[in-house]
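Let's take a friendly walk through a protein model, one region after another. Keep the sequence and the 3D view side by side as you read.

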Amino acid sequence: MWNNMKGPPARDEDVMLGQQAPGADSLRARGAATPPVQPPHQLLPEPAVRVVYAVPADRPVNAAYRQGISNALTDLQRWYREQLDGLTFRLQDPLPETCTMPEPHEHYTHGGWPRVWNEVRDAVIGCGFLDQQSAYTWVVYADVDESCDVTLGLGRGSEGLTMMGSWDLKGLTDQEWVHCGLGPFGFGRWIGGAGHELGHAFGLDHPIDDEGALMSAGYAGYPNTYLREDEKAILRMSPFFEER
């Protein structure tokens, strides 16, 4: 699982209420201990995507970034719905939850992969998110700048978790954003990038020889890209997708 990865990420049963055991009255009559009544188990919530905006300790919460994230996830719900003929992923709340990380920005910027991924992931876990036993797939946007001359620690997705950095936040709020000397890119590239990484979180891999697909290089041309038929088959079986 993503919490113990050594390589880079590419990417309800019925519950019975506790009941008193048969014969309890006769046990009490003989002075024996009464078997405890187990409390009711809480049913897990429906599988859904949860979004977290992670902010270093010395940076303010940026309302424009939060709104940009919300707009992107809402648009991706629409796009997936069109691709899957009415099915799309369940989103707990399009407006992201906020995590204030314990260290200043400088702490999270150096070392590239895997250090930056691990430091941001651990900080978000410290905020009470990323529970692997939960019913959620997680999308994390961290306001962390990384150098363009290292193997980036963010901008990756694995099953159950994707994390992106400040360049994605800037791209979602600045139509003319230039990243590492490339661009400018419009909003579509950054929404598509989130859709691509979210695909990894849903268990999709990079296809071979199909550059127009979302899970290949097609995300840069979002929304003018597509899911392949094999990818659609996987998502139709996913507990995170429903008709909406």
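Ala72, Leu73, Asp75, Leu76 and Tyr80 of helix 2 meet Ile191, Ala194, Gly195, Leu198 and Gly199 of helix 5. Contact here means heavy atoms within 4.5 Å. Helices (H or I, at least four residues) and strands (E, at least two) are DSSP runs, numbered from the N terminus. This is a predicted model, in which local features need pLDDT of at least 70, side-chain atom pairs count only at pLDDT 80 or more, and totals for chains, interfaces and linings use all residues. Residues are numbered from 1 along each chain as its sequence is written, and side-chain values use heavy atoms, with hydrogens and water left out.

How do the two helices lie against each other? Helix 2 and helix 5 (residues 187-201) pack at an angle of about 65°, and their axes are 10 Å apart. That makes helix 2 roughly perpendicular to helix 5; angles under 35 degrees count as roughly parallel, over 145 as roughly antiparallel, 65 to 115 as roughly perpendicular and the rest as oblique. Axes are lines fitted to C-alpha atoms, for helices over the stretch in contact, and angles run from 0 to 180 degrees between N-to-C directions.

Now look for the open sheet: its five strands come in the order 3-1-4-6-5, with mixed pairing. Strand 3 and strand 5 (156-158) are the edge strands, each pairing on one side only. Two strands pair if DSSP finds at least two bridges between them. From one strand to the next, the twist averages 20°.

Helix 3 packs on this sheet, where it touches strand 1, strand 3, strand 4, strand 5 and strand 6 (161-164). The direction of helix 3 makes about 110° with that of strand 6.

## Strand 1 and its partners

Which strands does strand 1 pair with? With strand 4 (residues 136-142), strand 1 pairs in the parallel sense over seven bridges. In strand 4, Tyr136 is the bridge partner of Ala48, and Tyr141 stands opposite Tyr53. Strand 1 is also joined to strand 3 (residues 97-100) by four bridges, and these two run parallel. Here Ala54 stands opposite Cys99 of strand 3.

Is strand 1 mostly covered or mostly open? Strand 1 (residues 48-55) is mostly covered, with eight of its eight residues buried. Buried means under 20% relative accessible area, exposed over 50%, and partly exposed in between (1.4 Å probe, protein chains only). In a regular strand the side chains alternate between the two faces of the sheet. In strand 1, Ala48, Arg50, Val52 and Ala54 point one way, Val49, Val51, Tyr53 and Val55 point the other way, and all are buried.

## The covered side of helix 6

In helix 6 (residues 229-236), the buried residues are Glu231, Lys232 and Leu235. They lie on the same side of helix 6, because they cover an arc of only 100° around the axis. The arc is that of the directions from the helix axis to the C-beta atoms. What do these buried residues pack against? Their partners are helix 2 (63-83) and strand 9 (241-243).

## Backbone details in the loops

Two prolines deserve a look. Trp113 and Pro114 are joined by a cis peptide bond, with omega about 0°; Pro114 sits in the loop between strand 3 and helix 3 (115-126). Another cis peptide bond joins Tyr222 and Pro223, with omega about 10°, and Pro223 lies in the loop between helix 5 and helix 6.

Next, find two residues with a positive phi. Asp85 is not a glycine, yet its phi is positive, about 55°. Asp85 is in the loop between helix 2 and strand 2 (87-89) and counts as exposed, at 65% relative accessibility. Leu130 is not a glycine either, and its positive phi is about 65°. Leu130 lies in the loop between helix 3 and strand 4 and counts as buried, at 4% relative accessibility.
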